[in-house]
Amino acid sequence: DRQTLVAVLQFLRRSNLRESEEILRREARLLGDDLGAAALSPAGAGLLGAPGGDADSAGGEALLSRVTAAAAIAIGGSTATVASSSPGVAAVAAVPPGKGGARAGPAGSVLGAGGRPLPAGPLGTGGGLHCIFASSFRLSYKLLLYTNAFAVGGGVVVEDQPDVSAVLSAYNQQGDPTLYEEYYSGLKHFIECSLDCHRAELSQLFYPLFVHMYLELVYNQHESEAKSFFERFHGDQECYYQDDLRVLSSLTKKEHMKGNETMLDFRTSKFVLRISRDSYQLLKRHLQEKQNNQIWNIVQEHLYIDIFDGMPRSKQQIDAMVGSLAGEAKREANKAKVFFGLLKEPEFDVPLDDEDEEGENEEGKPKKKKPKKDSVGSKSKKQDPNAPPQNRIPLPELKDSDKLDKVMNMKEAARRVRLGAECLPSICFYTFLNAYQGLTAVDITDDSSMIVGGFADSTVRVWSVTPKKLRSVKTAADLSLIDKESDDVLERIMDEKTASELKILYGHSGPVYGTSFSPDRNYLLSCSEDGTVRLWSLQTFTCLVGYKGHNYPVWDTQFSPYGYYFVSGGHDRVARLWATDHYQPLRIFAGHLADVTCTRFHPNSNYIATGSADRTIRLWDVLNGNCVRIFTGHKGPIHSLAFSPNGRFLATGATDGRVLLWDIGHGLMVGELKGHTDTIYALRFSRDGEILASGSMDNTVRLWDAVKAFEDLETDDFTTATGHINLPENSQDLLLGTYMTKSTPVVHLHFTRRNLLLAAGAYSSQ
């Protein structure tokens, strides 16, 4: 109506929003002179905060409600109810939800159908609203936006930061605090009395509802009710949520909620539950019959229910997949195509050595005629159909030294032992004795010639494990005297006086948590509690670069299998992709809700897997930085990752003592290996992928039959769509052997090129 319109125009003029005022006046066909008279009416005065009026006065509020209601009806076309939840803020609730209506979003934004924010111009910048909207709706839509904007800001349009208070304000509610226990126990009784097939699925609701109801009570300062609610129901939650509940129990006042990260994660990310349509209908009917709005509101506001058609899942199937900080992964999250195949090896000629032939002769066998040239990569002449395009991401050119190394690798591979259930590898264990500096990280070069240890005293120590000692390059003055044309120039540049079995690298100012050798053995990466990743030269044993990007401890770092790129992950919850010649990260992978504890490159270098303390594993696409897979199922922080050599599968280990196996192409869990009794810190597939070795804090190395674990997989469309995975009850028939150390937790495993298994750890006297 006219009076409302004039009031809003007055407000725009006072706020110096000339352009917006013009647009609105043209729409309403109002002339400038008409503004004066109407401004004197009491409602107008109240709304504009003129002398004698107050922005929250009855007149203003009534007017505000009228504008908002009119606008909501005009937009949604569905019946709208207006409830003012706090002075000066009008909330619009369109009924029924999700049917194209509009509802009030966080901090006064307007959400259209499906909860998406409707386009809004830069309010407060004089830019007006540039939105394309059906002519008849345009006016009311603008009115709604303007009113919402100034109602939230109390007359001043504020750019709202997504800060803690905005996130928490969603807990403003008018429910009766004394009835919360009744609501929850009512639902609990209903679920426990429902049919077995629905009970398992609906029981997933207990934990997220418990957390949100508790936080709602705390936020609204009903402290005694919150305490009693927590004490009565926290014992009913699944055992794997105990750590989260411990954090929750310390939040007893509204002030505690402000800086709490766990709290914020729970609030900002919707908890995902996967439920069959039948179970969901049952729940909806129950809540509507009981008119249990408090719980229904939480279900709609804070939970994301991924509904699938078909049979409900069993308790075992659900237990295998749940346990992460934000529930299960949405099925959409694992639909993107992943190129998990291997890149084609470049072809070049391998001259066969004479020694090989002599070696055969000594044994008295007849000399075999061998072709003098054998092209490497002849195994993979055909392009893998699942491989990414060769030039999808730029990879470094092969140097001559790399080609030589590949030739060596091929020769070693020819003598490789074929492992299997009948033929287990020998295990060579490197025990760090008297490691009072506290061993925190280990890595071994691909050719097994060097081993590095990262220590809590901030040193990095490199050992040679072959008779060849570690030597540095000569000084510049000495290098200038060398004949650069000589054949053994690479030998001559090394300084014999520096030869030793151990080199200590100083530079970090905190414990070193991750180390990684480059594939060409020229460089070494280390990451530390000091927030930096350092690149060391193994020619001079000095630090070349300190990469600063993380502001908190960096827990892990790893070189790409092709060198040049490397990844790091830390306490700031993100993983970063770097290139050795850039001091800024090339990609930042953000999405985990807690520390990124371990990182791994896919064998084709196009993807990176990260494990986190939020109990999920994510797979990221290096090309565009997108998250293409989210795997949930572990019940504790992830500490080890390993890709199978063919790139199809991923093995993950965590503090829950389980190794989980994942099919990357289908985005499915395909196996669970139980046996360890403590955190699994090391996982490694043998060179041909027949055996998976796992090392744990329980002082054991276990060997598993990977061939058997991955055969006859059920990866049909139904399984992929619903997550009805059928894991074997017992993984003992996959366990090939358990090897105990005396008192040494296993922190690293490595298969040599001939399939000898190397393990490493520090002896602990406790």
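The dialogue below goes through how to read several features of a predicted model.

Me: What should I know about the model before reading values from it?
Reply: The model is predicted, so local features need pLDDT of at least 70 and side-chain atom pairs count only at pLDDT 80 or more, whereas totals for chains, interfaces and linings use all residues. Residues are numbered from 1 along each chain as its sequence is written, and side-chain values use heavy atoms, with hydrogens and water left out.

Me: How many helices and strands are there in the protein?
Reply: Helices (H or I, at least four residues) and strands (E, at least two) are DSSP runs, numbered from the N terminus. The protein has 23 helices and 37 strands.

Me: What share of the residues is buried?
Reply: Buried means under 20% relative accessible area, exposed over 50%, and partly exposed in between, with a 1.4 Å probe and protein chains only. Of the 766 residues in the protein, 49% are buried.

Me: Of contacts between residues at least 6 apart in sequence, what percentage join residues at least 24 apart?
Reply: A contact means heavy atoms within 4.5 Å. The percentage for the protein is 60%.

Me: How many disulfides does a search of the whole structure find?
Reply: A disulfide is a pair of cysteine sulfur atoms within 2.5 Å. The search finds zero. As for individual cysteines, C239 is exposed at 60% relative accessible area, while C527 is buried at 0%.

Me: Which residues touch the most other members of the largest nonpolar core?
Reply: A nonpolar core is a set of buried Ala, Val, Leu, Ile, Met, Phe, Trp, Tyr and Cys residues joined through side-chain atoms within 4.5 Å. The largest one has 44 residues, and L205, F210, F229 and L248 touch the most other members. Helix α10, residues 206–219, gives the most to this core, with 11 residues. Another core lies apart from it and has 21 residues, among them M321, F631, I664 and L727.

Me: What is F229 in contact with, leaving aside its neighbours within four places in sequence?
Reply: The contacts of F229 are Y180, E181, Y184, F210, M213, Y214 and L217.

Me: Where does UniProt place the feature "repeat: WD"?
Reply: UniProt positions are given in the numbering used here, feature names are shortened, and annotations may be inferred rather than shown by experiment. The unreviewed UniProt entry places this feature at residues 432–473, 505–540, 547–578, 589–630, 631–664 and 673–705. In the model, residues 505–540 are 0% helix and 53% strand, with end C-alpha atoms 11 Å apart. For residues 673–705 the values are 0% helix and 61% strand, and the end C-alpha atoms lie 10 Å apart.

Me: In what order do the strands of the open sheet with β16 stand?
Reply: Two strands pair if DSSP finds at least two bridges between them. Here four strands take the order β16-β17-β18-β19, with antiparallel pairing. β16 and β19 (542–548) are at the edges with a single partner strand each, so one side of each has no neighbour in the sheet. β16 is joined to β17, residues 523–528, by five bridges, and G514 has C527 as its bridge partner in β17.

Me: Is F517 buried or exposed?
Reply: F517, in strand β16 (residues 512–517), is buried, because its relative accessibility is 6%. Not counting residues up to four places away in sequence, F517 touches several residues, including D443, M450, V462, L538 and F559.

Me: What is the order of strands in the open sheet with β24?
Reply: In a regular strand the side chains alternate between the two faces of the sheet. This sheet of four strands has the order β24-β25-β26-β27 and antiparallel pairing. Its edges are β24 (596–601) and β27 (627–632), each with a single partner strand, so one side of each lacks a neighbour in the sheet.

Me: How many residues lie between β26 and β27 in their hairpin?
Reply: Five residues lie between them, and G625 in the turn has a positive phi of about 80°. Five bridges join β26 (residues 616–621) to β27; R618 has I630 as its bridge partner, and W620 stands opposite C627. In β27, five of the six residues are buried.
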